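Morning, everyone. Please bring up the structure, and we'll go through it together.

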Number of protein chains: 2
Amino acid sequence: MPSLSVLPPKCLQKPLLVPHRHMFGPGPSNVPSRILEAGANPVIGHIIHFTGTGHTAMECAIFNTVESGDSVLTAVNGIWGERAAEMAERIGARVNTIVAPPGGFFTNAEIEQALSKYRPVLFFLAHGESSTGVLHPLDGIGQLCQRYNCLFLVDAVASIGGAPLHMDQQGIDILYTGSQKVLNAPPGTAPISFSERACQKIFSRKSKPVSFFLDLNWLANYWGCDGKPSRVYHHTGPVTAFFSLRESLAVLVEEGLENSWERHQKVAEYFHTGLESMGLKLFVKEKKARLPTVTTIVAPHGYDWKEITSYIMKTHNIEISGGLGPSVGLVLRVGLMGCNSSKANVDMVLGALKDALKHCHKSKV
Amino acid sequence: MPSLSVLPPKCLQKPLLVPHRHMFGPGPSNVPSRILEAGANPVIGHIIHFTGTGHTAMECAIFNTVESGDSVLTAVNGIWGERAAEMAERIGARVNTIVAPPGGFFTNAEIEQALSKYRPVLFFLAHGESSTGVLHPLDGIGQLCQRYNCLFLVDAVASIGGAPLHMDQQGIDILYTGSQKVLNAPPGTAPISFSERACQKIFSRKSKPVSFFLDLNWLANYWGCDGKPSRVYHHTGPVTAFFSLRESLAVLVEEGLENSWERHQKVAEYFHTGLESMGLKLFVKEKKARLPTVTTIVAPHGYDWKEITSYIMKTHNIEISGGLGPSVGLVLRVGLMGCNSSKANVDMVLGALKDALKHCHKSKV
């Protein structure tokens with residue numbers, strides 16, 4: 001037998017030290033100890049839920065509803081619409097996009113025009129566009145999609161629990177989110193939900209989805225929701241992550257969904273007022289389209305945004321971030337989600353921003 | 001705004017109660033509190049590692065190395081070769097298999113014959129076939145694959161840390177495992193490794209992989225191992241799961257890899273002797289091909305295997321399981337992995353099995 005040629009890494013011979021930080025970026029956000037402790041429960045056998053991140057859920061939705069050659073429409077006003085388009089292209093869909101400038105959104109008339117022109121089987125829209133800070137209006141779009149015989153896929157990763165959303169009344173066919181934003185659970189799981197219309201399309205498709213791991217024929221049985229008497233092993237679910245997710249949902253139930261929406265809205269308005277009184281500008285002009293969970297601030301003129309975020313991390317132990325995708329260089333992003341959404345945290349961030357603007361080098365850029 | 005039409009589920013208004021069980025099935029196995037506690041560390045920003053289960057890693061390997069129309073060969077002597085074949089078929093590969101009966105394995109001559117006949121770009125083999133209890137010999141196969149210009153993909157989910165494995169010396173091009181077996185971390189992460197040959201093939205492919213989430217062009221940059229100066233956001237890694245995985249690797253480093261291999265081998269032999277002295281038969285005839293981590297026992301004649309596993313769970317609080325895929329109905333499977341691999345646990349399982357054979361209804365079947 002050959003001997004081991006590689007020595008174990010020295011870093012594994014030292015204890016793990018994890019810093020405590022204020023996670024005020026666009027996610028992941030801080031996890032209350034109650035939720036972390038739920039995840040430290042002992043492992044049991046396979047249970048029911050979804051394994052993966054928001055990206056996995058996005059691919060799951062697209063892989064199962066779209067076949068090669070199908071027409072797909074995505075609304076691009078930030079990074080998520082771009083990514084949905086790329087995912088659909090990779091599996092051979094004919095993809096069209098409608099594009100709004102970062103910070104903007106679409107009217108229902110614009111959406112209807114595109115549905116009428118491209119006749120897609122699937123229309124993708126991000127409810128909470130965390131790269132640009134836009135909360136997209138949803139009313140009426142589901143009904144348009146039904147009229148054009150199209151499934152309505154909504155990304156609610158950055159919005160669920162933090163802004164009003166009514167899947168059934170708003171005619172949403174597939175809705176997914178992530179565990180690590182408003183829900184305050186560790187990243188790694190992604191709740192997803194399907195309407196009856198979506199199930200009909202998914203279970204009558206002609207070809208198998210490209211992914212076995214994300215094939216809803218298997219997952220529906222594994223989750224115990226396909227009506228069959230026995231469940232077949234599909235994959236090994238991340239049990240302890242589900243414990244944390246379950247606890248995070250229990251926290252939301254205790255507060256009440258409407259109360260949580262209201263709290264996020266009030267805290268966001270308080271934050272926005274504070275920013276404007278400092279002379280900073282909000283990236284999303286229209287008030288009603290501002291995402292209450294992730295705020296985008298126009299990158300302060302004359303500063304290097306990277307110096308600001310580094311300074312705030314180093315001096316205040318607070319994580320905030322710059323832009324993402326189409327908003328890179330244009331914005332600073334501050335996420336105050338779930339347990340982090342409080343006026344005390346707003347005051348902390350405003351103080352850190354004031355300090356950063358004073359100490360960072362305006363002359364540098 | 002419409003009012004909420006669905007009340008929060010009652011189960012979320014009660015505390016989470018997780019039972020303590022002896023997890024002696026084929027995985028997940030028990031997680032020591034040290035590893036669970038590492039996972040309860042606070043969340044920090046994005047770090048480097050792989051997100052998903054063993055199935056995700058399997059798809060990642062196949063999606064990135066195989067293009068539509070490529071020839072793929074999989075060795076089927078249990079469920080994993082079947083699943084690898086199905087994954088490759090879904091992305092349009094020409095898939096051939098060599099098939100051995102459950103409990104069997106392949107000689108290098110048989111593998112060479114198939115490589116010569118089908119000229120695949122990728123050959124899949126499960127090192128630890130957890131559905132049948134086979135530890136497949138590896139020596140010489142990597143060199144055969146190199147001769148036929150084929151990548152050698154090895155599934156080591158059930159074997160890593162519990163049986164000797166030398167990726168470089170054995171010419172393995174892609175190796176992956178899971179967190180929840182010998183490593184004793186919660187399920188949800190999957191370490192994966194690529195040889196230089198694999199990287200060359202992956203980074204010179206003509207078409208994009210079907211999955212954006214599993215595209216190694218993105219992941220290599222996200223992991224910081226593509227040599228580029230800056231990392232681009234790809235997805236949100238399950239940070240706390242990585243903490244647990246890191247701690248599980250630290251535990252393995254403390255014991256030493258060779259010591260861990262030796263312990264698993266000794267405990268397995270002790271277990272196998274005990275089973276035979278009870279009159280039970282081992283499913284894998286050839287001693288050297290018995291997986292030291294997951295033992296397959298021929299389902300005792302005249303008993304309903306489901307009654308045995310249920311009785312042992314109910315009476316002894318021990319999870320063991322029946323067969324999977326081609327071994328369903330043929331075997332009982334007992335996993336003793338990582339911290340669970342001890343003579344004391346063998347004695348506990350043997351006692352439970354004796355008790356079950358006495359109390360379950362032999363006449364029922």
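First, the ground rules. This is a predicted model: local features need pLDDT of at least 70, side-chain atom pairs count only at pLDDT 80 or more, and totals for chains, interfaces and linings use all residues. Residues are numbered from 1 along each chain as its sequence is written, chains are lettered from A and ligands numbered from 1 in the order written, and side-chain values use heavy atoms, without hydrogens and water.

How is chain B superposed on chain A? By a rotation of 180° with 0.0 Å of shift along its axis, at RMSD 0.0 Å. That is the relation of a two-fold axis. The same surface serves both copies: 100% of the contact residues of chain B recur in chain A. Contact means heavy atoms within 4.5 Å.

Now the domains, from an automatic or database assignment. In chain A, domain 1 is 22–33 + 263–359, and domain 2 is 54–222. Their C-alpha centres lie 27 Å apart. In contact are 28 residues of domain 1 of chain A and 27 of domain 2 of chain A.

Together these two domains of chain A bury about 2,000 Å², 65% of it on carbon and sulfur atoms. Buried area is accessible area (1.4 Å probe) lost on putting two parts together, summed over both. In domain 1 of chain A, A289(A), L291(A) and P326(A) lose the most area to domain 2 of chain A, together 25% of what that side buries.

Notes. Least-squares fit on C-alpha atoms with pLDDT ≥ 70 in both.
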